[in-house]
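I would ask you to keep the sequence and the structure in view while I speak.

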Amino acid sequence: PVYSAAWWGWGHRAKVADVKEALEKVLQAKDVIAFALRWSILPLESYLEDVNVLKDVVAKKGAYLVLIEDNPYLHSTPSTCYMQAAKGKGAQPTRCGQKLEEVQAKYKAHNDAIAAIVQANQGIYYFPTVDKLCDSEKSVCDYNVPGSRSPAYRDDNHLGADGSRYLSPFLCSFL
């Protein structure tokens, strides 16, 4: 089984440590925990606390941990940007978009920390999303699935149905 772990509730952020005991009861050898969390609203130290708990659990059980890069967030809701792009016959970047280099700079500390964890630990892997959700030719991360006008997002920071469908083959082949 693949367990997806991302905890964030209205006004409360549960820590992975809160569910460690439950994970240890159900996790078996060769199971996969996929962990994704919004990087922009959480200090790196808190993220690493959660990762360290998961790292210990998977090591004890002989399971695997996949750390998923946070998707870029938008400057505006995708519906306004979709209309802007439609009026401009697909012109991009829209006001939703961010420059790819800005996203990479914002994510550098997390990516560096994850690279060190992956290198030092067997059974821990990293699934990057920025390279898949951003248009490297235009150097922009925008509302759309790259190469199309289909909206990848349902709001300014959550993937919608089209974005999930676009990303799923990459994740499936990664696993």
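This is a predicted model: local features need pLDDT of at least 70, side-chain atom pairs count only at pLDDT 80 or more; totals for chains, interfaces and linings use all residues.

C134 and C141 are both buried. These two cysteines are joined by a disulfide, with an S to S distance of 1.9 Å. The link of C134 and C141 is right-handed, with 100 degrees about the S-S bond. How many disulfides does a search of the whole structure find? The search finds one. As for C172, its relative accessible area is 58%, so this residue is exposed, the limit being over 50%.

Let me remain in this part of the sequence for a moment. S139 is placed in the loop between α5 (130-133) and β6 (140-141). The phi of S139 is near 55 degrees, a positive value in a residue other than glycine. S139 has a relative accessible area of 34% and is partly exposed. To put such a value in context, most residues other than glycine have a negative phi. K30 also has a positive phi, of about 70 degrees, although it is not a glycine. K30 lies in the loop between α1 (20-26) and β2 (32-35). With 64% relative accessibility, K30 counts as exposed.

I turn now to the aromatic residues. The count of aromatic pairs comes to six. Why is the pair of W39 and Y47 described as edge-to-face? The ring centres of W39 and Y47 are 5.9 Å apart and their planes stand at 70 degrees; planes over 60 degrees apart count as edge-to-face, so the pair receives that description. Are these two residues buried or exposed? W39 counts as buried at 4% relative accessibility, and Y47 is buried with a relative accessible area of 1%. W39 and Y47 belong to one aromatic cluster, which they form with F35 and Y107.

A ring also takes part in another kind of contact. The charged end of K132 sits over the ring of F127, 5.0 Å from the centre of that ring.

Finally, I come to the surface. Which residues form a nonpolar patch there? Y64, Y125, F174 and L175 do, and together they have about 370 Å² of accessible area. Y64 lies in strand β3, which covers residues 64-68. With a relative accessible area of 31%, Y64 is partly exposed.

Thank you for your attention.

Note on methods: Residues are numbered from 1 along each chain as its sequence is written. Side-chain values use heavy atoms; hydrogens and water are left out. Rings of Phe, Tyr and Trp (its six-membered ring) pair if their centres lie within 6.5 Å; planes under 30 degrees apart count as stacked, over 60 as edge-to-face and the rest as tilted. Buried means under 20% relative accessible area, exposed over 50%, partly exposed in between (1.4 Å probe, protein chains only). A charge sits over a ring if NZ of Lys or CZ of Arg is within 6 Å of the ring centre and within 35 degrees of the ring normal. A disulfide is a pair of cysteine sulfur atoms within 2.5 Å. Patches are made of residues with over 30% relative accessible area and no salt bridge: like charges are joined within 9 Å, nonpolar side chains (Val, Leu, Ile, Met, Phe, Trp, Tyr) within 5 Å. Accessible areas come from the Shrake-Rupley method with a 1.4 Å probe; for residues, only the protein chains shown count as cover. A salt bridge is a side-chain nitrogen of Lys or Arg within 4 Å of a carboxyl oxygen of Asp or Glu. Helices (H or I, at least four residues) and strands (E, at least two) are DSSP runs, numbered from the N terminus.
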